[in-house]
Amino acid sequence: MNMTDAQEKAIISEVLSGEHEQFRFLVERYHRGLVTHLYNLINDQASAEDVAQEAFIRAYDKLSQYNETYAFSTWLYKIADNIAYRQLKHINRTTDFDDIKELVADDKPSLDEVTDKVFAREAVKKSIETLPVMYRQVIALYYWDNFNYEEIAIIMERPVGTIRTWLHRAKEDLRKELYGQV
Amino acid sequence: MDKFDQSIKNAKVNIEPSTNFVDSTMTKINSHKVKPRFGFRLWMPILGSLVVAAILFMVFSSGSNTFSSKTPAQKTSKNTTSQSATNNTPPPSGTNNSALVSYLSGIDGSINQENSDQNSANSAINDSSSEITVPTD
């Protein structure tokens, strides 16, 4: 559904004035991106959808607290990531490093070879799963959801400098994981 | 964006949410919207009113006990006043002057008695005021 930011703000005003069913348009606009984002963090579609639904419900409940200075998507992702972060901390996911070793060849191919190969995508994805939760969030928001540093700082409630540092360290850790080099 | 950045970008997995995701989300929002607010908007005021009514009842009932527990002097005053009031019957019609004088003197006596009772009641109140004074070391 194509919707401009002005239309989105108008819909939010309508919901706040009592036309609750208008919230459906916001769900329709953001649910694909949000579920995909959460899936890339949690790696389980059912859990991703549950978290997304909870995020929409909380956004609806707290809509009067939404600050229109920021994009609605930033606010929604902030709510969703907070829920996902708590869930991920509880799950304490364990990653099977053997899977990664199978995907990344034992003879340590060069950077170009790895990135060119078909399995590279899966290898990178698996390596990202080994990172700490906040690094995964930064990577997902920056590379996959196209948020800038300032927006990620709002979503993760951290200074912009911290976000830059986390992204840099996340990439370093990924390189180590994939190629055994910094 | 270098090749490594591009490989990270390409690692994104795109999925399609369940077809009924929007409907089920809206259903949850609507049910979520109705239930808690029903509880809060209907039951909380009723519960609050009941609590307030219970508190008021307790305050007033304890207050009436306090009023009823007066000093003996006050009780005596009350009794004599009521007795005096019973004496204040209107004079019988068609009576002579001496009977009227006797009636008026009776009223005068009652008024004096009431004043006396009032004085004793006041002194009793003053006594109780001094009794409840808390000494400060």
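Asn43(A) lies in the loop between H2 and H3 of chain A. Helices (H or I, at least four residues) and strands (E, at least two) are DSSP runs, numbered from the N terminus. The model is predicted: local features need pLDDT of at least 70, side-chain atom pairs count only at pLDDT 80 or more, and totals for chains, interfaces and linings use all residues. Residues are numbered from 1 along each chain as its sequence is written, chains are lettered from A and ligands numbered from 1 in the order in which they are written, and side-chain values use heavy atoms, with hydrogens and water left out.

Asn43(A) is not a glycine, yet its phi is positive, about 65°. Glu157(A), also not a glycine, has a positive phi of about 55°. Glu157(A) sits in the loop between helix H9 (149–156) and H10 of chain A.

The two chains meet at an interface. In chain A, 38 residues are in contact with 29 residues of chain B (contact means heavy atoms within 4.5 Å). The size of an interface is often given as the accessible area lost when the parts come together. Here chain A and chain B bury about 3,300 Å² between them. Of this area, 63% is on carbon and sulfur atoms. Buried area is the accessible area (1.4 Å probe) that two parts lose on being put together, summed over both. In chain A, the most area is lost to chain B by Gln53(A), Tyr143(A) and Trp144(A), together 18% of what that side buries.

Asp5(B) forms a salt bridge with Lys171(A), with the closest N and O atoms 2.8 Å apart.

Several helices build the side of chain A that touches chain B. Those giving two or more residues are H2 (23–42), H3 (45–61), H6 (111–116), H7 (120–130), H8 (133–144) and H10 (160–179). The largest share, 10 residues, comes from H2(A). This side of chain A has 17 nonpolar, 8 polar and 13 charged residues. Ala, Val, Leu, Ile, Met, Phe, Trp, Tyr, Cys and Pro count as nonpolar, Asp, Glu, Lys and Arg as charged, and the others, Gly among them, as polar.

H8(A) also packs against chain B. The axes of H8(A) and helix H1 (residues 3–10) of chain B come within 9 Å and cross at roughly 100°. H8(A) is therefore roughly perpendicular to H1(B). Axes are lines fitted to C-alpha atoms, for helices over the stretch in contact, and angles run from 0 to 180 degrees between N-to-C directions. Angles under 35 degrees count as roughly parallel, over 145 as roughly antiparallel, 65 to 115 as roughly perpendicular and the rest as oblique. Ile139(A), Tyr143(A) and Trp144(A) of H8(A) make the contact with Asp5(B), Ile8(B) and Lys9(B) of H1(B).

Terms used: Salt bridge = Lys/Arg side-chain N within 4 Å of Asp/Glu carboxyl O.
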